[in-house]
Amino acid sequence: MDAVILARLQFAFTVGFHFLFPPLTIGMAWVIVGTMWKWKRTGEDFWLRISRFWIKLFAITFATGVATGITMEFQFGTNWAEYSRFVGDIFGAPLAAEAIFAFFLESSFLGVLLFGFGRFSRTTLFVAALLVAIGATLSAFWIIVANSWMQTPAGFELVGGRAELTDFWAAVFNPSTMPRYTHTIAASLTTGALFVMGVSALLLRRGKSVEEAKASLRIALILAFAANLAQLGTGHWHGMQVAETQPTKLAATEGLFDTQRGAPFVVFAIPNAEEERLDAAVEVPGLLSWLSFADFDAEVKGLREVPPEERPPLGEVFFSFRAMLALWGWFMLLTSVGLFLLWRRRLFEQRWWLRLAVWTIPLPFVANEVGWMVAELGRQPWAVQDVLLTRDAISVNVPAWQILASLLLFGLVYALLFVAWFYLLRKHVRKGPEPAAVASGAAGEGAAAVPGRSAADSDAEGPAAVAGDDGKGG
Amino acid sequence: MIELQIVWFLLIGVVLTVYVVLDGFDLGVGIWHLFARRDDERRTLLTSVGPVWDGNEVWLLTGGGALFAAFPPVYAAVFSGLYLPMMVVLFALIARAVSFEFRGKEDARGWRAGWDLAFALGSMIPALLLGVVAGNLLRGLPLDLRGDYAGGFLELLHPFALVVGGLGFALFAQQGAVWVWMKTEGELTDQARGWAFLSWGAAALLFVAATIWVLAGLPHVRENFLALPVLWGLPVAALVLLVLTGWAVLADHPGRGFLFSSLTIVSLMATFGASVFPSFVRASNDPRLSLTAYNSSSSDLTLEVMLVIAGVGVPLVAGYTIWVYRKFRGKVRVGHY
């Protein structure tokens, strides 16, 4: 295989794998802010144990996200050296800003949160949880800035074979940054909330930690509904932006070949790229024009505006987009019904709803992945839309076999990581939050495991402060 | 007015120095991880760096990001030119990052032994290879007209590069050992003092070897020092601080040992910077092909924007990092892992 295909495969695989984790941690971080807030306000052991349960699952996922995220910073240099030379003047700054403004914050205060129970006040720990959530959310901002610049580059000029910055704020707030950022954050909140909802439903079905599960489920259900509802706004905003600034991507998403007024929205079809038509199409006339430009008669550009070699892969983009929409609809239905049942005080007894919530756990991850595919495949064949082709962006000095070898190693290592992550998550989900009675006993157990630990140290840990799992390892 | 290119050469040097000092001790803890035999000792080692290691590693990502932003051709050339070693470092960092969280969350012996190995190797490999890269940059690398590395993989394992790699490894090990010695109590503390002594001895030997090699065999490294003799103060300071570190270990002063060990690393990084300036990658085949701060920088606007980002961000980061370290000062208590 040639180096371009291999480098693209490697990038797609590593970023697609990485993208499983950050949306979950961003969303969970805000759920944890909620439960920590309850704990800070009430001081109840109940909320402490709930918080620590979610923090544990968060930490396992965060570690996996960090580990796979390092890869991304390496890859621009290792596999995409021409890209780095070409856009480094603009693209590097958001990555550096992410580290300085977001990643430090996240990492430093996660340390406080993980190791601070029993040492620090409730307020300090709550603030730490809040800063972790803010850090995670800011981190997404700078990454989306960098990626959005590839979609809708702005604030630059081409000088001597490279893109040079002319206006920093225009590059940061390029046309797609804010629609895509809000869309991604709402997706992350949905992911975290649906995860917490599903795990709580699982605990309820098993009759484990029932009160803790109910409390978590309530918070998660409301957040999931609200965040998913918000996608109506962010998704629409993003759609209008794509119509305006990336017409070819919109045309691929909708399988629209001819530029036309009153363009239809395709509910379902089988796109045929070779013969340039849609088979078995179910369409709503005029709707695409209206969605894109708020006018049923507006003109929407078709794929035939550009030569075939400048069109994105049609089927992948078309179906990914429809899968994302269908999943959105499902989340809307599930959470609406859930809210109704909650309001009628019947939710926790509806075993069928709880089961559906459990089955839904993997689905937001699928929605994120297909959404990402629409975004990135829809930009092809460009690495930077209309400026730099993907095939011109790779490292010309790295032989294909080295890319293949590292790709195989990524496959192996990431498969191991995934299995370990999933295994630990499953194990600790099944264990549930520590039961109330055990909490104080285990602190002593933990203390006994450390030779030479001073009595003063043990005294510093309040009886309720150290939950059981810390002590169990020794 | 100092040129922006020089400012950024220095700033990247500062960021990488902070990285080597801070991640130095947690990589060092990883080097010694398997030498602690009991499970509770290993947990103590992990916990001693647990709250801070991730923040420490962000200094590397910041250095990488800043290099990408300020000197894109250098970033592109180093990462793609040294593709295989970079991939090895990357996989080591991945293994290490997850082993912290994963290890303690399951009791099975095989599970723990596996993650122990991942943590130890994941720490040893970067600790060694960072020095090997430094050694190669001191020597210089053959570059082609595009600025890409034109040599083979085995050339990177030149004996001089290995000596510098060994020196880096020994200093990381020393930094980790002194950290454990300072942060723990009981049996482990005595053991760590032994480790500190051992790694100090190795560092001292390799320091002497590298110095002789530079003075005898690498005349280009001396150029900046001959032009500006006050720079000789840097390697002399490194030598004095290394001796003081040894004294602190013998005299049983862990706090001072950690301070001197850290300052040894700072002065060696400064010596390194003074040696290679203004080149990031010195072309050994033709000095005109070297990738320098002057011929490889981003536009002035980008460098200015980055300066504002650093000016706002770094004091904030320094502030809360110091706060976190103060909050966790004192002896380690096992928790979380």
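Among the elements of chain B, the lowest mean pLDDT, 88, belongs to helix α9 (residues 219-227) of chain B. The highest, 95, belongs to helix α7 (residues 159-183) of chain B. Here pLDDT is the predictor's confidence in each residue, on a scale from 0 to 100. Helices (H or I, at least four residues) and strands (E, at least two) are DSSP runs, numbered from the N terminus. Chain B as a whole averages a pLDDT of 91, and 99% of its residues score at least 70. The model scores ipTM 0.89 and pTM 0.88. This is a predicted model, in which local features need pLDDT of at least 70 and side-chain atom pairs count only at pLDDT 80 or more, while totals for chains, interfaces and linings use all residues. Residues are numbered from 1 along each chain as its sequence is written, and chains are lettered from A and ligands numbered from 1 in the order in which they are written.

Chain B contains 12 helices and 2 strands. Read from the N terminus, its elements follow the order α-α-α-α-α-α-α-α-α-α-α-β-β-α. The radius of gyration of chain B is 20 Å, close to the 20 Å that the globule rule gives for 337 residues, so chain B is as compact as a globular protein of that length. The radius is taken over C-alpha atoms, and the globule rule is 2.2 Å times the number of residues to the power 0.38. The C-alpha trace of chain B spans about 55 × 40 × 35 Å along its principal axes. Of the 337 residues of chain B, 59% count as buried. A residue is buried if 20 or more other C-beta atoms lie within 10 Å of its own, exposed if 12 or fewer, and partly exposed in between; C-beta atoms are placed from the backbone. Two residues are in contact if their C-beta atoms, placed from the backbone, lie within 7 Å. Among the contacts in chain B with a separation of 6 or more, 79% join residues 24 or more positions apart.

B:Ala237 and B:Thr264 are 27 residues apart along the chain, yet their C-alpha atoms are separated by 7.7 Å. B:Ala237 sits in helix α10 of chain B. This alanine, B:Ala237, counts as partly exposed, because it has 17 C-beta neighbours inside 10 Å.

Chain A is divided into domain 1 (3-244 + 319-444) and domain 2 (445-474). These bounds come from an automatic or database domain assignment. The C-alpha centres of the two domains of chain A lie 33 Å apart.

Helix α2 (residues 21-42) of chain A has 22 residues and reaches 31 Å from its first C-alpha to its last, close to the expected 32 Å. The expected span is 1.5 Å times one less than the number of residues. In α2(A), 17 of the 22 residues are buried, so the helix is mostly covered. A:Gly43 follows α2(A) and has a positive phi, near 70°. Helix α8 (residues 210-245) of chain A has 36 residues and reaches 50 Å, close to the expected 52 Å. α8(A) bends by about 30° at A:Leu232. The bend at a residue is the angle between axes fitted to the seven residues ending there and the seven starting there.

The two chains touch. In all, 62 residues of chain A are in contact with 66 residues of chain B. On the side of chain A that touches chain B, α3 (45-78), α4 (81-115), β2 (162-165) and α14 (400-431) each supply at least two residues. The largest share of that side, 22 residues, comes from α4(A).

Some backbone angles stand out. Most residues other than glycine have a negative phi, and most peptide bonds are trans. The peptide bond from A:Gln380 to A:Pro381 is cis, with omega near 5°. A:Pro381 lies in the loop between α13 (363-377) and β7 (382-384) of chain A. The bond from B:Phe277 to B:Pro278 is also cis, with omega near 0°. B:Pro278 is in the loop between α11 (254-276) and β1 (279-281) of chain B.

Positive phi values occur in two loops. A:Ser209 has phi near 40° and lies in the loop between α7 (177-205) and α8 of chain A. A:Ser209 is buried, because it has 22 C-beta neighbours inside 10 Å. B:Asp252 has phi near 65° and lies in the loop between α10 (233-250) and α11 of chain B. B:Asp252 is exposed, with 10 other C-beta atoms within 10 Å.
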